[in-house]
Amino acid sequence: HGNATVQGTFAANGTLALDVAEGFTATTGDTFVIATASGAITGTFDAFEGFDLAGNQAFELIRPDQNTLAVRVTDDATAEARGFINGDPFTPQPALPDSTEDIQADLLEGLVQGVRVTGPATAGQTPEIATQARIAETVFATDLSTTPTTGDVFVTFEQGLTLEGGSTVSFGASTTAESRVTFQGAQMVDGTGTLLFERAEGQTNASTLLTAPRLAAGERVTFAEGIEIAGHVDIAAQGNPLDSISVLGTLRGVAGSTLTVNGLDNDGAAVTIDGTEGRVLLTGDHTETVFEGTGTLGIASGTEIRDVTFGLTTRLGDDDSFGDRLDVDGGLVLDQATLEIVSDENESSLVDFNGAQSVGGTGTIHLIDTDEASSTGSTLRLLGQTDLDEVLTFEAGITLRGEGQIGANSSNDNVRILGT
């Protein structure tokens, strides 16, 4: 039987039609995987076709886990009751019975799996997550927190997490201790709510939010559109270089804190940046992501972007917290935005365009020199990757302004400016 493999998130919608071969036979309970996704499977189908089988048998759609879609052989009555056969062609998929157990607890410790945490066991308290806790297939329908005191708090999430009703998980910190959060294996963080990483006075290191492989290379952790990550935290995909993070919601800076993110791959979808109060900073590699929002998005030294769109003010090299070099591969798009390349008395900022490509859309690249006396200014440079003549093109909607240098590293290569 056929089986679709999706790198990233699989969003179910429309009609799911099965083409069952003539003479097909099966036994009740037989299960056939029809799709797997490295990120997660979300959404619902609107209708089903081809689910009725010979005799008193039919398929029903099941989801064995966050990353797998399958059909299972059942009887006609069960399939009909759940809307898979004998329904209107556009009958929505019925909601499966909710088997999640509601619990109230003051402390989550050890393995916590398949439950909905609705509040504390003791009135007036906020449920706390203990160090070394493993949270799997769990729903948080209330605010929770961690409280590092004498040492770091380590928390691992597996097989998906859902935040309900705008709940906030506050990961605490102290002067010498932080929260270390790991999402292990491909999964989805769904629902609506906030993962808030607090900063303590005198804190030396940021808390961390890391992804770690569970089974194979190419796993992805996806934070859904309703999820906000905020505060003083370093976010990164660790382990296999093929692993990635997809953030479809919001990254929000908090006053006095810095949120850094490394390894975003949104498959062309947008992440919302809120840099109005605190810093949000790109580090490492980012692929096929649209950055939109408000405030300013910072870029750290050594960051590499591939097929990226900036839809808000983005800045490289404005002080010690931002870097001075950006590598661009596969093109760059500005969507009514300004990319600021800042040099000062301490550093000269450089943007390397690796290979032939274009800068498109509508916006401005502003080369800023804050110390004309000693700085050599900012540079936009084409680095050819082959022996052939290569061209870096700034399209008609792009304005280049300020003080600095624009050119190619090789005399065989050229820069074409079609804008202003």
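Two strands pair if DSSP finds at least two bridges between them; strands (E, at least two residues) are DSSP runs, numbered from the N terminus. The model here is predicted, so local features need pLDDT of at least 70, side-chain atom pairs count only at pLDDT 80 or more, and totals for chains, interfaces and linings use all residues. Residues are numbered from 1 along each chain as its sequence is written, and side-chain values use heavy atoms, with hydrogens and water left out.

**Exercise 1.** Work out the strand order of the open four-stranded sheet that contains E4 and E8.

*Solution.* Start with the order, E1-E4-E8-E7, in which the pairing is mixed. Next, find the edges: strand E1 (4-6) and strand E7 (58-65) each pair on one side only. Then look inside the sheet, where E4 (residues 31-37) and E8 (residues 68-74) run antiparallel over five bridges. Thr36, for example, has Thr68 in E8 as its bridge partner.

**Exercise 2.** Find the residues that touch the most other members of the largest nonpolar core.

*Solution.* First, the term: such a core is a set of buried Ala, Val, Leu, Ile, Met, Phe, Trp, Tyr and Cys residues joined through side-chain atoms within 4.5 Å, where buried means under 20% relative accessible area, exposed over 50% and partly exposed in between (1.4 Å probe, protein chains only). Among the 66 members, the answer is Phe140, Phe223 and Ile365. Strand E16 (residues 153-171) gives the largest share, seven residues. A separate second core has 22 residues, including Leu16 and Phe59.

**Exercise 3.** Is Gly293 buried or partly exposed?

*Solution.* Locate Gly293 in strand E29 (residues 290-299). Its relative accessibility is 35%, so Gly293 counts as partly exposed.
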